[in-house]
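Here's a quick tour of a protein structure, put together for someone just starting out.

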Amino acid sequence: MRSALAALAAAALAAATPARAFVRTTAERTGKPLAWRFPVVPWHVNRDWPATSPSCRPTPAGDPTLDALRASFAQWEQPCANLELPYAGEVPELHTGDGGSYENVVVFRRGWCSQHDQAKLDPCMSDPDVDCGGIYGCFEDSTDCIGQTSCPLDWGIVALTSVLYDPSSGRILDADIELNGWDGVAGNIGSPPQHGWYFTCYPGAGTAQPQATCNRYGEPTAGQPDCASMDLQNTVTHEVGHFVGLRHPCTTDRNREPDLPSCGAGVPAGAVPFADRTMSPTTDVLETKKRHLSPDDLAGLCAIYPEPGGCGCGGGQGAGAVSLLAVLLALRPRRRR
Amino acid sequence: MRRALALYLLAAAAPAAAATFLATSVEEAARSSEVVARARVVSATARLTRDGRRVVTDVELAVLDAWKGAPEPTVRLVVPGGSTGRIAMWVDAAPTFEPGEEVVVFLSREGAGWRVKGLAQGKFRVDGLDARPALAEAAVLPRALAAGERAIGTMPVAELERRVRAAR
């Protein structure tokens, strides 16, 4: 079996094309690729998120929000990779980055600070030295959004992942994910959304979720029979890709990122289209395809965190054929730890 | 031990970030900004925040041309991230500024200073005849824009100026 895998891997490498399967995040100035040092990276969640869409609310049968988060991290635990991402429970932490307790936290923000009754009156809103969002659990936007019903530049941010690392080694020390969720105020969901992004949690394959887009916060219980919006698992699975050290494989603006291929460009025969990869930089409401890693995403993960004795292909870029190699490695029986 | 670890992290850490943005038009950005200005970066100096937990960069801009609003000749703003030498913090979704760089910025007034609107979406770098936005590592959520409006992206400086000035 091993020799057959080796032969297939060799064939895959021989067929390699210049297309990149994945791109790693690198340290500014030193260029060191980022990676966790140890293979077990626990993460926490701050559940200070009182407003949820009906599909994300806990029931006696389970907690769809936590299930979605766990499924998102679990996607990045693969047989070919020496990386485990265990859930470590809830924490009260609201700060992220180096303003926090250095625990890896998924934080739900409750809408924009400009729409928060207390935050909008607090001088912290206009003081760059104070972490207003960490105090009130909101996402900090501009003071001129206060009293507005639309603030396009500020309210366009859906999620933000911050990764703390040692620039001399590229070693990741801490990572946090902020999700700009609903603040609980009823009404129409604008574009951009005045009261935060309306995450929905429908388990299973993409076909399992409603195909109608929610147009009011609180639905489907508030009048619309069945609807979905920004899929939580889809969003978080992409962000966890950054959490483990991956960058987008393509760019929507080659003038800005000339080192990356255009997301609109074709890919070699047999390669996964950019739009179908978890680390693709574009997304949309109702989208669920990022919930599951494409072979290219898997190639990146397995290159960064090879199993001992594995491929060890931890370079900054990967060739297209490495995707196939990663799949072959992923098909191996998982070693017991 | 925890304190020692915290001190080590502070000394060695530099955050990177990745964001997901909703596509926004130049016209929307202009309408929601108090000031849109073409400017040159005079200085960019990183420092720790008062609580010592984060790094921010104080930026001083010399205004070359105000496309919207009436800013002072010198504009001072603060952006997240930067490097003090000992401590670095990189927020990828935040704009960065280099002394001498020519930029177009979308600003709102915050206290005594200014803030770049929408993190990296609110800053363009002028590169010859082009203006390039600072959306380095952002995922973009497509969205229908008003007829005739153009999403933030690389475009000629002249077109960017025309769109900003025409935004109502």
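Let's start with a pairing inside one sheet of strands: B:V105 has B:K123, in strand 9 of chain B, as its bridge partner. Keep in mind that this is a predicted model.

**Strand 7 of chain B and its partners**
- Strand 7 covers residues 102-110 of chain B, and eight of its nine residues are buried, so the rest of the structure largely encloses it.
- Strand 9 (residues 123-127) of chain B is joined to strand 7 of chain B by three bridges, and the two run antiparallel.
- Strand 2 (residues 35-48) of chain B also runs antiparallel to strand 7 of chain B, with six bridges between them. One example is B:A39, whose bridge partner in strand 7 is B:V103.
- Strand 8 (residues 113-116) of chain B is another antiparallel partner of strand 7, this time through four bridges. Here B:E110 has B:G113 as its bridge partner.
- Strands 7 and 8 of chain B form a hairpin with two residues between the strands, and B:G111 takes a positive phi near 65° there.

**Chain B as a whole**
- You'll find three helices and twelve strands in chain B.
- Chain B has 168 residues, and 57% of them count as buried.
- Take the contacts in chain B with a separation of 6 or more: 65% of them come from residues 24 or more positions apart.
- Chain B exposes about 6900 Å², with carbon and sulfur atoms supplying 55% of that.

**A buried arginine**
- B:R132 sits in strand 10 (residues 130-133) of chain B.
- Is B:R132 buried or exposed? Its relative accessible area is 14%, and buried means under 20%, so B:R132 counts as buried.
- The side chain of B:R132 makes a polar contact with the side chain of B:D127, at 2.8 Å.

**The nonpolar cores**
- In soluble globular proteins, nonpolar side chains tend to be buried together.
- The largest nonpolar core here has 62 residues, and A:L85, A:L179 and A:F243 touch the most other members.
- Leaving aside neighbours within four places in sequence, the residues in contact with A:F243 include A:W36, A:V41, A:F73, A:L85 and A:I177.
- There's also a second, separate core of 17 residues, with B:V104, B:V126, B:L160 and B:A167 among them.

Key
Residues are numbered from 1 along each chain as its sequence is written. Chains are lettered from A and ligands numbered from 1 in the order in which they are written. This is a predicted model: local features need pLDDT of at least 70, side-chain atom pairs count only at pLDDT 80 or more; totals for chains, interfaces and linings use all residues. Side-chain values use heavy atoms; hydrogens and water are left out. A nonpolar core is a set of buried Ala, Val, Leu, Ile, Met, Phe, Trp, Tyr and Cys residues joined through side-chain atoms within 4.5 Å. Buried means under 20% relative accessible area, exposed over 50%, partly exposed in between (1.4 Å probe, protein chains only). Contact means heavy atoms within 4.5 Å. Two strands pair if DSSP finds at least two bridges between them. Accessible areas come from the Shrake-Rupley method with a 1.4 Å probe; for residues, only the protein chains shown count as cover. A polar contact is a pair of N or O atoms within 3.5 Å; within protein, one must be able to donate a hydrogen and the other to accept it, and residues adjacent in sequence count only if both atoms are side-chain atoms.
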